[in-house]
Amino acid sequence: MMNRMRSFRTYGAIFRMRRRMETQYRGAVLGGVVCQVFFGLVLIAVYRALYTGNPQPMALSAITTYVWLQQAFFRMLLASDPDLMEKIRTGAIAYDLCRPLSLYGYYYARILAQKWMGSLLRALPMILLAILLPPGWGLAAPASWAALGCASAALLMGLCCVSAMENITMAFTMRTLDPRGVQAMMNLLMMTFSGNILPLTLFPDRWQRVITLLPYAQLLDAPIRLYTGEYALEEASRILAIQAGWTVILIGIGAYLWRLNQRRLIIQGG
Amino acid sequence: MAFIEVENLNKQFIIRKKREKGQLMRPKEEISALREVSFQVNQGELVGYIGPNGAGKSTTVKILSGILTPDSGCVSVDGLVPWADRKAHVRRIGVVFGQRSQLWWDVPIADSFALLKEIYHVPEAAYQARMGELTEALQLGDLMRTPLRLLSLGQRMRAELCGSLLHSPSLLFLDEPTIGLDAVSKLTLREFLQWENRQRGTTILLTTHDMEDITALCSRVMVLGHGRKLYDGELTDLLARYDTERIITARYEEEISGTAWPEGCQIRRNGENWIITYAPKKIPTAEMMARMQQAGHLRECTVQPQNVDRLIARMYQEMEL
């Protein structure tokens, strides 16, 4: 018990250190915000053009809200830790391997911190900006306070889930020593099925039944639907259970892959 | 049982080569990094581990530090098998990879140390005491609040050492710790290692290409080549074995004939200087000196110190490495 408490503290310290690193790159935050605001505005302009004279099943304000929240938390979906990649490529990972830690836990703490702080730093100014935009362009209020609460909880679960996915990619990178192959494939799936390119709510109903069960839908789509009220409050516990289920499964797979890795390691360079 | 026991260690790496015309698969090539390597190290020893690039030194260090699993062979460090009892084992060792960094690039080094303290569960009091000791010995006091990226290479290496030792390991692996350092930094580092070894009895295994590191620090050396252990013993014995020629430069008060030299030595003249090359095994240095004094009035005479690098190069050549 004591041991577990102590190692929990260790992972907490790693989380805080990585979180702090993320706040160091303010230029990157600014660049990210500008880029994501641009994408948000373009997407909304497209949807507005589409909606003119063609009433759609989903209200325009729901679409703009969906787009803004997706753009605000974009960093959560698509950002690999450059330090970690560099470590694997150059072999500096050798140091991490001689720490009395579970490698999986070590990297999970780092990835979680990077995605959490990285997306929070970008999301706060973007959400503020999106609230200030005129109706039909900006971010609408949540369906209710309770909906906001459920959405926040679901967002945290989504964060845990996406970190588990990222750690699986890392495990493969350890093997191939170059992330690009796996990443290109994973990114395609991620962009399509997380609802970043096209809100999942606009997919045909029959597709949605399957797509919303995939892990990708648990990251941002589920929290956003709770926020907008697309998912009723009664469904919240079911949504959270699906998210938790995927998180457990993905952590299991990742931890297994890392264990395999550890058994057959080749460290780059002399 | 010795502190470190290594028996018949083998490790192969498989490298895939470029596909030639007509081949379906890329051909595999097996490279033996270690072949039947065995040795023992006692607690408190400071052992030098040398050999040309690619000899298998780093592979040995990686296996001993639990990072790599060997293909066959037994290893026990203080009763533990490194790769099998990894977590318990790594708690008791410190590692410095001279070409890599374990500290965080953008934050003050003190914060990286604080994180390592958490990782190794070092109690606060022990941490304070040890840090006081290390910052003084490594002269890090003024640098603690400086981010790693602003440190010079020498300062960085001192910080790396501090990071590897703050949990007071009983065994320290150093993989080329003086690479790229200037003379002053090298001396500081060597003094520190000696201090750590004597004061705390830390066992140190030092891998390096810098022969001065070895002569300054280690009495025992192990030589590795093509994955095989070629020598294990006193450094002085090793040097004596390959110490086949020595050079004396002498100047005389008067012109001398140069016929009184013992047989088997080579004589060259360079202005006033007589340059004599002889084999110390055939003609002892003392006898050589006596002969030189008989030849005339010696004004000045210098025996060139043994050039360890040249000796080692000769040794590698002779062993066909």
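This is a predicted model: local features need pLDDT of at least 70, side-chain atom pairs count only at pLDDT 80 or more; totals for chains, interfaces and linings use all residues.
The axes are lines fitted to C-alpha atoms, for helices over the stretch in contact, and the angles run from 0 to 180 degrees between N-to-C directions.

Residues are numbered from 1 along each chain as its sequence is written, and chains are lettered from A and ligands numbered from 1 in the order in which they are written.

I start with a helix pair in chain A. Helices (H or I, at least four residues) and strands (E, at least two) are DSSP runs, numbered from the N terminus. Helix H3 of chain A, residues 60-72, packs against helix H12 of chain A, residues 221-228, at an angle of about 140°, and their axes are 10 Å apart. H3(A) and H12(A) are therefore oblique to each other. From H3(A), A:Ala62, A:Thr65, A:Tyr66, A:Leu69 and A:Gln70 meet A:Ile224, A:Tyr227 and A:Thr228 of H12(A); contact means C-beta atoms, placed from the backbone, within 7 Å. By class, the residues of this contact are five nonpolar, three polar and no charged. Nonpolar covers Ala, Val, Leu, Ile, Met, Phe, Trp, Tyr, Cys and Pro, charged covers Asp, Glu, Lys and Arg, and the others, Gly among them, are polar.

Next, the contact between the chains. Chain B gives 25 residues and chain A gives 23. On the side of chain B, the elements giving two or more residues are helix H1 (57-64), helix H2 (86-91), strand S5 (93-97) and helix H3 (109-119). That side has 11 nonpolar, eight polar and six charged residues.

Now the sheet in chain B. Three strands form an open sheet in the order S2-S1-S4, with antiparallel pairing; two strands pair if DSSP finds at least two bridges between them. S2 (28-41) and S4 (72-77) of chain B are the edge strands, each pairing on one side only. Neighbouring strands are turned by 30° against each other on average, direction ignored. Strand S1 of chain B, residues 4-16, pairs with S2(B) over 10 bridges, and B:Gln12 stands opposite B:Ser32 in S2(B). H1(B) packs on this sheet, touching S1, S2 and S4 of chain B, and its direction makes about 65° with that of S2(B).

Methods:
Angles under 35 degrees count as roughly parallel, over 145 as roughly antiparallel, 65 to 115 as roughly perpendicular and the rest as oblique. Two residues are in contact if their C-beta atoms, placed from the backbone, lie within 7 Å.
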